[in-house]
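Take a walk through this model, one part after another. Start with the view below.

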Amino acid sequence: MELDQHRMPQVTNPRFRQHYHLMPPQGWMNDPNGFTYFQGYYHLFYQYHPYGVEWGPMHWGHARSRDLVHWETLPPALAPDSAADESGCFSGSAIVKDHRLFLIYTGHHVPDASQPDDFWQTQNVAVSEDGIHFYKLATNPVIAEPPADNSQHFRDPKVLEHDGEYELMLGSQAAQTGTGRVLRYRSQNLVDWQFQGVVTAAESPDDGYMWECPDLFRVNGQDVLLMSPQGIPAGEQTNLNLYQTSYYLGQFDFATGKYTHDQLRELDHGHDFYAAQTMLAPDGRRIVIGWLDMWEAPFPEQADGWAGTMTLPRELTLQHDQLMMFPVTEVQQLRTKQVLADHWQGTERLLAVPDARHLELHLQTELTGWQGRQVTLRLHAEQQDLQLIYYSRTQQLVLQRAGADAQRFAQLRPTEPLDVHVWTDTSSVEIFVNHGEAVFSERFYPEVNPQVTLTADAPVNVDLTAYQLE
């Protein structure tokens, strides 16, 4: 599809442009959509407003990659240009059937632009033979309305195949209680869908008023329901973002529709992570990508003609009865030079690296016999400050950054070594502790090369490794 170049903002300053994370060519980006593998490429679509640096009429931006690392920007796949989606092509997913790529997405409808909260939503299908050019079904919508007991919040279809049939998970809101739930539909052909009931629902308002972006998949014998609930009240150290990305672990019976699960828990502990979507790679890995931002957060890059970025692709595994996230092995090809390989003992160390804005840093700390109370990793550049503090006596991690709403928290299992991987890009930092037991995703905007320091309140032994990245 063609865009009107004259209406599009231009990138006027590269100061915050990412080097190895997917971002829009210009304009606004949010939720990842349609994450799939087709004809030799990983495809990732995303919510995209090409005509502004803020959220607007949603298109589907599109990129593809051979290796999950180097992304090629393609023309947008969808635009709000039909009666089935005239106010926006909202989030959805993709699946391959009969050598064609099917996109299933939400059509947004706002009859009166002066009343944006008076909307309705439908589910639609678009198809491609080549993975680049898409046509929408003339018979859209394929699901025209929600169940009678649902509110108008009815979006973000995630499609999967099970026993030769197609299943669809939909984010929604129960009308009577005003709380979130996930709906289930079934189809033989991706076009004719039958409502199968509610997968699971909020038990109280404390579970959120709307559950966005549901994703059901199986990992190591557990059925995971990943979603982005809105409206969960913040605790003292939990659910501190405006909206969350959370998951259940349990067992789902496709025959009866019964989902038995444990409590809802957060997937990422950082300030900037939302609307995660997974895909099953050809080699069997479950890979997840999230929006590396948060609603109502500041976006300094908007002044430069763009906004938003995606996380690194991460492999999801299930260990110690929790989901673990760690960058896919393919990202190691970003390494251009090893700039640090030290064993250090002490209480304070400045890590002298050429470019801390494009760095892979690995700290492995042996805590056996160590009586210290805390160790801190800090990235600092003028007004930008980010600190990860580990308290050994409680196995707690505290991430602190400059500004209001500063702290985020994670609890580790009792363990001896502390293993920290940090990936920095021009305007983001992703921290993976103990191979993904705790993860913090952060936007971080240094305009000069930040200093990286390691401090402890008692001598500590640390193995330090760092690589310069593309």
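Two residues are in contact here when heavy atoms of theirs lie within 4.5 Å. Keep that cut-off in mind for Trp 423. This is a predicted model. Leaving aside neighbours within four places in sequence, Trp 423 is in contact with a list of residues that includes Tyr 20, Leu 312, Pro 327, Val 331 and Leu 334. Also among its contacts are Leu 359, Glu 360, Phe 432 and Leu 469.

Trp 423 belongs to the largest nonpolar core, which has 42 residues. Leu 22, Trp 71, Leu 267 and Trp 423 have the most contacts inside this core. Strand 2 gives the most to this core, with 4 residues. In soluble globular proteins, nonpolar side chains tend to be buried together.

Now turn to the annotated part of the chain. An unreviewed UniProt entry lists residues 21–327 as "domain: Glycosyl hydrolase family 32 N-terminal". Over residues 21–327 the chain is 53% strand and 0% helix. The end C-alpha atoms of that stretch are 12 Å apart.

Strand 18 and strand 19 (residues 286–291) run antiparallel and are joined by 5 bridges. Gln 277 has Ile 289, in strand 19, as its bridge partner. Strands of a sheet pair through backbone hydrogen bonds, either parallel or antiparallel.

Next come some backbone details. Most residues other than glycine have a negative phi, and most peptide bonds are trans. Which residues depart from this? Gln 39 has a positive phi, near 50°. Gln 39 sits in the loop between strand 1 (27–38) and strand 2 (41–49). Asp 156 also is not a glycine, and its phi is positive at about 65°. Asp 156 lies within strand 9.

Asp 156 counts as buried because its relative accessibility is 5%.

Asn 140 and Pro 141 are joined by a cis peptide bond, with omega about 5°. Pro 141 is placed in the loop between strand 8 (135–136) and strand 9 (150–162).

Key. Residues are numbered from 1 along each chain as its sequence is written. This is a predicted model: local features need pLDDT of at least 70, side-chain atom pairs count only at pLDDT 80 or more; totals for chains, interfaces and linings use all residues. Side-chain values use heavy atoms; hydrogens and water are left out. UniProt positions are given in the numbering used here, feature names are shortened, and annotations may be inferred rather than shown by experiment. Helices (H or I, at least four residues) and strands (E, at least two) are DSSP runs, numbered from the N terminus. Buried means under 20% relative accessible area, exposed over 50%, partly exposed in between (1.4 Å probe, protein chains only). Two strands pair if DSSP finds at least two bridges between them. A nonpolar core is a set of buried Ala, Val, Leu, Ile, Met, Phe, Trp, Tyr and Cys residues joined through side-chain atoms within 4.5 Å.
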